[in-house]
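Dear colleague,

Please find below the structure I am handing over to you. My notes on it follow directly after.

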Amino acid sequence: MTNESRPQQAEVAALLGVIERMAADLALAEEPARFITALEMGRPLAASTAGDADR
Amino acid sequence: MIGWTIEALAAAIRAGQISPVEATREALARIERLDGELRAFICLDAARALETARRLEADQRRGAWRGPLHGVPLAFKDLCFVDGWPTSCGTRTAEYFRDEQDCTAVARLVAAGAVTLGKLNMSELAMGPFGDNAHHGHARNPWRVGHCAGGSSSGSAVAVASGLALGAIGTDTGGSIRLPAAACGIVGLKPTYGRVSRAGAMPLSWSNDHVGPMARTVRDCAVLLQVMAGPDPRDATSSPERVPDYLAALGGPAGPDLTGTRVGVAENFFFQRVDVEVAAAVRKAADVLARLGAHVDELHVPDPQTMSDVTNIVSRSESSAIHARLLHDRPHEIQPVVRARLELGLQIRAHDYLQALRLRARLTRAFVAEVFAQADVLVAPVIPEPAPPLAHATVGPVHELAERQGRFARLTRLFNGLGLPALSVPCGFSSAGLPLALQIVGRPFDEPTVLRVGDAYQRATDWHTRRPPVD
């Protein structure tokens, strides 16, 4: 193990701590594409979806 | 160029007070005079810029207007592919990135009449918040010799702040538009994820990459965003969301009025381990917003460190996959700290990457629901300290450099994971004369409100009118 790889492994372990702490509680239905849904559902009420007319 | 805004120059060209060729010549002369020191450009093509300007001038004579940027000189981060120009992405390889067509955001600006001056300096592979680059020379902070310009869109910020170009394209995966904008005293907008097409721009992390405008005023960013935004069949993640009229959202000549706008000041995380001058400037900026009629209140930001870590796991995983070939075949060509960041991504298992993506979805729902039930925009600092000396970015063991990078991007990265629009606006200067900045974050696709708050702040203050001592 090099001097540089030791702090890197510690950093990876620290970074992945969030997965250990929180991933077990995720609902089975949770999937990455729900991120896009979260953005669409969170937009201001006046905004709406449009087709190619705008571009 | 130093005295113009994009809006003013476009209007002057339309009124026949200055021609596209005159504007382009002025920008090129300024670049020739100043860029040897500033190192904003990686690639400059004066002949091509002047040829475009002459064509636009001929169009003008016969009354043919390309669009709102007719004759305005702009420049683009050197990860935007433009046919006929090499795209180094800040690496040692001149033609590191190629695509089948020009970068969509660039193509839209050019179609609207912009003159391309050249391609701009950046951190290697867009990895690094300080803007240092051993291959192309460190972009220089125009406000103070020997200090970082911020990164990774370093050249974009330096060029705009120094009046070498009136506007620029930057990209932002963890803060790379907002950090250099803050460090150099200009405005930078990371739009909502999917608002601006990423097609033709080098990917660093598909899930966290954003393309956005950089300019001296919020109004100019609105002008650029208007042209850049909208769906693109070349980018499956570009949104079909309607593109509103951003300038119309800024309000009329009656003056800035934020009556009825709810502004939340982050009470946790964002003011911890932050330089006292930065914190004071941001709180004073919030006071200005209150004087303009906004209802300003403190609010608790849910899970900022968690979201930052999740964003980092996703970015590290994706970037090491995207740039695996360079890392495998020519690791000696990559700066040590950049190589270390790529190697770190190889140690993250697919299982952890996927869990991070699932967590991101849940955290985004919670953040949007909780924060925007209480406020229309969230305000916070952008950089935790004024731009540090270059040695802070370049001298020290690799793991220490990486730690410093992580700290400098600590207040911006989570908004890439959240995909929310985030604007950096100048809000003062440190006692050493370095710019300080305010971050304004809004609901998904609510760039109109984010820009309206930023514009109101600029109309009530004069930080954006100050010029760096480069002449």
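**Strands β7 and β8 of chain B**

In this predicted model, strand β7 (residues 262-266) of chain B runs parallel to strand β8 (residues 295-299) of chain B, and five bridges join the two. Within this pairing, B:Val263 stands opposite B:Val296 of β8(B). Between the two strands, the chain passes from β7(B) through helix α8 (residues 276-291) of chain B to β8(B). This β-α-β crossover is right-handed.

**Contacts between the chains**

On the side of chain B, 38 residues are in contact with 28 residues of chain A. The elements of chain B that give two or more residues to this side are α9 (304-322), α11 (336-346), α12 (350-374) and α14 (398-408). The largest share comes from α12(B), with 13 residues. By residue class, the side of chain B that touches chain A comprises 18 nonpolar, nine polar and eleven charged residues.

**Chain A**

Chain A contains two helices and zero strands. Of its 55 residues, 15% count as buried. The mean pLDDT of chain A is 81, and 73% of its residues reach 70 or more. Over residues 48-55 of chain A, however, the pLDDT is below 50. In the model, this stretch has twelve contacts beyond near neighbours in sequence. I would ask you to keep the pLDDT of residues 48-55 of chain A, below 50, in view when reading those contacts.

With kind regards

Conventions. Residues numbered from 1 in each chain as written. Chains lettered and ligands numbered in written order. Predicted model: local features only at pLDDT ≥ 70, side-chain atom pairs only at ≥ 80, totals over all residues. Contact = placed C-beta atoms within 7 Å. Helix = DSSP H or I, 4+ residues; strand = E, 2+ residues; numbered from the N terminus. Nonpolar A, V, L, I, M, F, W, Y, C, P; charged D, E, K, R; others polar. Buried ≥ 20, exposed ≤ 12 C-beta atoms within 10 Å, placed from the backbone. Pairing = 2+ DSSP bridges. Right-handed = clockwise from strand over helix to strand, strands pointing away. pLDDT = per-residue confidence, 0-100.
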